[in-house]
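Subject: Two-chain model for your review

Dear colleague,

Please read the notes with the structure open beside them.

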Amino acid sequence: MNFYLKLIWAYLKIGIFGFGGGYAMLSLVEKAVVTPGWISETMFTDIVAISQMTPGPIGINSATYIGYVAPQVVSPELTGWWWGILGSILATLAVTVPSFLLVLYSSHFIRRHQESGAIKAIFSGLRPVVVGLIASAAIMLMNNANFNPKGISWQLWTNIAICAISFVLAYFAIPFKGKKIKIHPILIIILAGITGFLIYY
Amino acid sequence: MNNSSLWLIFTTFFKIGAFTFGGGWAMISIIEREIVDKYHWIDRDDFLDLLAIAQSMPGILAVNIATSVGDKLRGTRGSIIASLGTILPSFLIILAIAIFLTPDIIKNNRVISSIFMGIRPAVVALIIAPVITSAKAAKLKWRTVWIPLVVALMISLDMGAVSNPILYIVLGALGGFGIWKWSQHNLSKK
């Protein structure tokens, strides 16, 4: 039971301080669940990949998945789908309830102070921090577990190449039949998965 | 506003939750299309007002906007129904995946583990891209460009309390507010 209280507390904090959207939230999630050892670094990366490929906000997706997986990782007594479902319900509610209450009960306050400049000032202070939060999530994922799990140098270079090509596809619009198109992240993940299968199987 | 029954609110937001990939802004444009253009529940100005409020709240943007639209249509009950509708599809889909795709299978199934080995470096790339996009959108100047650098460095160093992202969110908010107060104060002196 103790673990579920920790899980709720962790996701309440993510819900209260999660400014700047899904990617910025990732660094909070990673600190909250990877650092105490609730899930592994690779599991976290996999959850981000799965969140990208399924509908819905990444904040909900990761809360549901981690809430399901973490109990059995933390304690063998909590193995079983009912413990997992309990965890995913609690984590998902905990990440949504704070902003739900804030939207319901402080909208008037925000509306009144929007013109005063105070809200704008707070967000002008948050904006550069959010860039740093997203960057920190990226940096923390650039680890051996993701790039070189078996300590084999050709695999490391292959993975760096996959990362570099994926970045080019994700960031730049690719010219195609006279038009410039942006490749959808889902397609990039599928291509990387196929590449992984062909190289590592 | 007479066609906004709780059931219709629920199914509308459920569909939005079930069919929009990418969350956040992808969802907002679909919500706008359904709520403003299709059902005429709220006019566009009111929607943009709700969006501005939802954006200034922490948490998940799509849920925030669902909460405020539901509240506007049917009060607290409407806000609960709209939020649940938005959350449920991803919750159920992820739960189904989590039940079958356990950490053990990802690790020990040869096909699946090889696929994920290829996917992981690509995921990192998908997070580097929004670093650059958000840095551009934040219009960083020489005066502010050090902030994301310090924040990213401190958080990724993994040094306990000073590596806690929440610390920098609070500092950023206080800093923005403090500078504004200070400039107000200086203005009033002149």
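**What was found**

Chain A has nine helices and two strands, where helices (H or I, at least four residues) and strands (E, at least two) are DSSP runs numbered from the N terminus. This is a predicted model, in which local features need pLDDT of at least 70 and side-chain atom pairs count only at pLDDT 80 or more, while totals for chains, interfaces and linings use all residues. Residues are numbered from 1 along each chain as its sequence is written, and chains are lettered from A and ligands numbered from 1 in the order in which they are written.

**Chain A**

Along the sequence, the elements of chain A follow the pattern α-α-α-α-α-α-α-α-β-β-α, and the C-alpha trace spans about 55 × 55 × 25 Å along its principal axes. Of the 201 residues in chain A, 52% are buried; a residue is called buried if 20 or more other C-beta atoms lie within 10 Å of its own, exposed if 12 or fewer, and partly exposed in between, with C-beta atoms placed from the backbone. Among contacts in chain A with a separation of 6 or more, 60% are between residues 24 or more positions apart, a contact being a pair of residues whose C-beta atoms, placed from the backbone, lie within 7 Å.

Helix α3 (residues 41–53) of chain A has 13 residues, which at 1.5 Å a residue should span 18 Å, and the distance of 19 Å between its end C-alpha atoms agrees with this; the expected span is 1.5 Å times one less than the number of residues. Because 11 of the 13 residues of α3(A) are buried, this helix is largely enclosed by the rest of the structure. The buried residues of α3(A) include A:Met43, A:Phe44, A:Asp46, A:Ile47 and A:Gln52.

**Chain B**

Chain B comes to eight helices and zero strands. Its radius of gyration is 21 Å, whereas a compact globule of 190 residues would have one near 16 Å; the radius is taken over C-alpha atoms, and the globule rule is 2.2 Å times the number of residues to the power 0.38. Buried residues account for 41% of the 190 residues in chain B, and of its contacts between residues at least 6 apart in sequence, 44% join residues at least 24 apart.

One residue of chain B to look at is B:Lys136, placed in helix α6 (residues 110–137) of chain B, which is exposed, with 10 other C-beta atoms within 10 Å. The C-alpha atoms of B:Lys136 and B:Leu157 are separated by 25 Å, these residues being 21 apart along the chain.

**Between the chains**

The contact between the chains takes 95 residues from chain A and 81 residues from chain B. Helix α6 (residues 118–141) of chain A gives the largest share of the side of chain A that touches chain B, 23 residues. That side of chain A divides into 59 nonpolar, 31 polar and five charged residues, where Ala, Val, Leu, Ile, Met, Phe, Trp, Tyr, Cys and Pro count as nonpolar, Asp, Glu, Lys and Arg as charged, and the others, Gly among them, as polar.

The axes of helix α4 (residues 58–74) of chain A and helix α4 (residues 61–100) of chain B come within 9 Å and cross at roughly 40 degrees; axes are lines fitted to C-alpha atoms, for helices over the stretch in contact, and angles run from 0 to 180 degrees between N-to-C directions. Among the residues making this contact are A:Tyr65 and A:Tyr68 of α4(A) and B:Phe91 and B:Leu95 of α4(B). By class, the contact of α4(A) with α4(B) has nine nonpolar, three polar and no charged residues.

With best regards

Note on methods:
Two residues are in contact if their C-beta atoms, placed from the backbone, lie within 7 Å.
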